[in-house]
Amino acid sequence: MMRSFPLLLIAALGLLLVFALGDSLLTGTEIGPVAQHYLDNGVAETGVYNLVTAVLLDYRALDTLLESAVIFAAAAAVWSLMQQRRLPDAEGGLSVAVRTLIPRLLPLLLVYSVHLALFGHLTPGGGFQGGVVLSVVSVLLIAAFGTGYEYRLISPNTKSRLELLGGGILVVIALAPLVVGAALLTNGGAGFPLGQPGSLFSGGTIPVLSLAIFVKVAAAFSLILYSLLKKGS
Amino acid sequence: MTLAIILLYGMALAAALGAVLASQRLTAVVLLSVLSITLALLYSVFHAPDVAITEAVIGAGVVTAVYLITIARTGGDTG
Amino acid sequence: MPGLAFMIFGALLAAFAAGVLEDYRAKRILMGVTLFGYAAAWLSLVWGSSPTGQSLTAGGWPRHLGIELVVDAPFLAVTGLFAAILAASWAADQDGLLLKGKRSSLFLAILAGLTVWAANRDIFTTFVAVELTGASAYSLVARPGHLASYRAAFRYLIFGSVGGLIMLLGIGSLYYQSGYLNIVHLGLAGAGGLGLALVAAGLLTKSALVPFHTWLPEAHSHAPATISAILSGALLPMGIFTLARLVQNGISLASGRLDLLLVGIGALTVLTGHAWAGRQTETKRLLAYSSVAHMGYILCGVGCQTPAGLSAALLHLVVHGFSKACAFLSVGQLNLGGPRPTGRPGAGHHQPVAGAAFTYAVANLIGLPLTPGFLTKYLLTRTLVERGWLVPAIVLQVGTVLAFLYYWPLVRYLWSPNKSITSWACPPGGPWLAAGLALASLWLPRLFSVLIASIP
Amino acid sequence: MDVLSLGPWVGLALFLIGLYGLLTSREMTRIVMNLTVAESGVIFALVARAGSGGQGAPIVGNAAGSMVAPLPHALVLTAIVIGASLTALGLSLAQGTHELERNAGSGEEQ
């Protein structure tokens, strides 16, 4: 009886959820007025081809800024929790095969991450995805050459400064429209040039936001991975 | 196409069940990254390439790395 | 309204900057300057406020396309509360717990998250703000080297995340019902039903309403006193605050009585919180359970779904926030934290200011006559009686009696004539701060009742 | 019946599987894993519901036919990143707890 209790509870909850969501989340194909507006006018209003990026970095840019703040907070929290730990000196450096493989893989990942961040307004991708790929590079560096090598290359302090740089750019772009009397985070409406849709320099502030997020997310996630790799006494 | 999608559904559910029921943490982590990759494939079927890239990079990449590090730091595979 | 933008982004930028600083004094100054600027921006908004509230949409879009932020009386009330509580715990942080590692960044990120949470009228942005405050708060509960606090922080994180997931499921339901995320449009489009129930379940988990309250006593009692003050006074009631916004805009259950459900949960929470608080032997745990009970009071007011009920709930939120923060901070000062029998009797004689502040905060929490706490409890009871709900109204009075019964021994213990302990170090400044908070709480309800009375 | 319209149901099932795991697991790392499963379920349900409303990705120039709604995708991207951050935070708490438990254990032995 006690063993099957969680199963019964889940079954009951499942029934309730099917009942609750049956006519909204679980069935139906209509698009809805707001999303339809984005589809119809997104390119004209924001100047970018990738409409998901248009929503993320223009229509709902405040969400995205807060989301990068969530990553920042998580990185700061992990850092604070792991503060007393030290890097294992001896650890690191896998087999020779991995050591030779990874340096060949690295340029590829670097190019891919920058591509994701730069062309996020034209093709799938964006600053977040690019930043996460870049942070994986630092894991690979640690795996291949040990924590010491990665530490000397880009120290945690440098990463914190890069986080501040990315965050600072985000805040400046958010507040800049106030100078001309527009609402915070206004893009085209505040006079930023939207450019020719489909070209690299289009979408006003969108590519800049994307790059700032790229730097910030890469720094934050590699700080998280670095802190978690440290060892207790 | 239909068959492939149903296969992916089945794979996602099986990987999730396996990850929840697995007795070893390492098995569960591997199944979690299988779940992420399956979901990434499904997202591209559902016309969401942005979400697919994110799920692959985060779910199968960083999150798996974080799990592996944690398992190594909390006494290997005993839980 | 540039003031609002500066409140949000000033706190955010300061949080980013604090991540680079190493020097404790520099961090302390940065936090102080940020809080001062925040308060100044808040004052500019208060002077410029209009009775109907002002609205702006980030990005300059029509409000259903972008993210709408509003500055109205409830926003001003709670952000004033945040500024006061965070400033007090910043000043009361004698042992530098808020400065270790990157905790000062987390402290400032909480401020930014809470501000967006209070201002936005967009259901998904609320979710993001909830997660931002959560991600900053979880690890602040964990004290270095203290095992129980790590377990409490983890429990807090799991409950918070599951609550967030259920909320996300509900947001999905509301969005696919209507195609909108803006709360006003959701209400106009008639969205609601069990989608609202899911969102409410998530929000009530964040606010620790019965039966989702089990994470709270652990988290709030094991955290450092300065963090407990922020968690209990500022963070905890915000779930109900958002629920009130939803209810106010006409988002409701398709069938069944939402009002009865909310008041029922509220009354149950009042009883449960007080009953458990009375069984605690540790002062911070007692205060934590008392927070559970007070969330019940606030929910009762929201459940009435009348303007009078909502403003009574908002007033109670502010009064409880001030009093509970004051109580947690003065408990930290008075060393009342330990188990009651082994604590220090007569501590009030040695630290009269902190003792008086604690006593006043307790009087407020009980709702003794002539305190603001009495006024708000009276308003809540009157609203319930006007709606014809006598049972919850009686429950509220029973709660007051229970609170008196369990606080009385504590206060008597604090002022017991046993002066055998001659001295122990009293950090300067702290007690006066707690007393200042207490004094401020005397006048704020008046100020806000004027503001709130002007809501149509 | 269109096989794509089954997607949200699969998402709901994943969510329930994750919740079942949360109810039955004790070890901290496993709890966080089950949370990840539940979260993937919610996110998949949200995307799958949008995916049956069109024939192409919401990127101008790539789509053959009508595009699906971009808004849910944007919301879900935010939710995925938040989920990953909280996972890392939960696991660091698990590591810290493990370390303190080990220290407490060795302290008792001495």
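**View 1. Contacts of C:H185.** C:H185 touches C:R63, C:H64 and C:Y180, leaving aside residues up to four places away in sequence; a contact means heavy atoms within 4.5 Å. The model is predicted: local features need pLDDT of at least 70 and side-chain atom pairs count only at pLDDT 80 or more, while totals for chains, interfaces and linings use all residues. Residues are numbered from 1 along each chain as its sequence is written, chains are lettered from A and ligands numbered from 1 in the order in which they are written, and side-chain values use heavy atoms, with hydrogens and water left out.

**View 2. Setting of C:H185.** In chain C, helix α7 (residues 183-188) holds C:H185. Helices (H or I, at least four residues) and strands (E, at least two) are DSSP runs, numbered from the N terminus. C:H185 counts as buried because its relative accessibility is 17%; buried means under 20% relative accessible area, exposed over 50%, and partly exposed in between (1.4 Å probe, protein chains only).

**View 3. Fold of chain D.** Chain D has 3 helices and 0 strands, in the order α-α-α along the sequence. Its radius of gyration is 20 Å, well over the 13 Å that the globule rule gives for 110 residues, so chain D is more spread out than a compact globule. That radius is taken over C-alpha atoms, and the rule is 2.2 Å times the number of residues to the power 0.38. Along the principal axes, the C-alpha atoms of chain D fill a box of roughly 75 × 30 × 15 Å.

**View 4. Burial in chain D.** Of its 110 residues, 72% count as buried.
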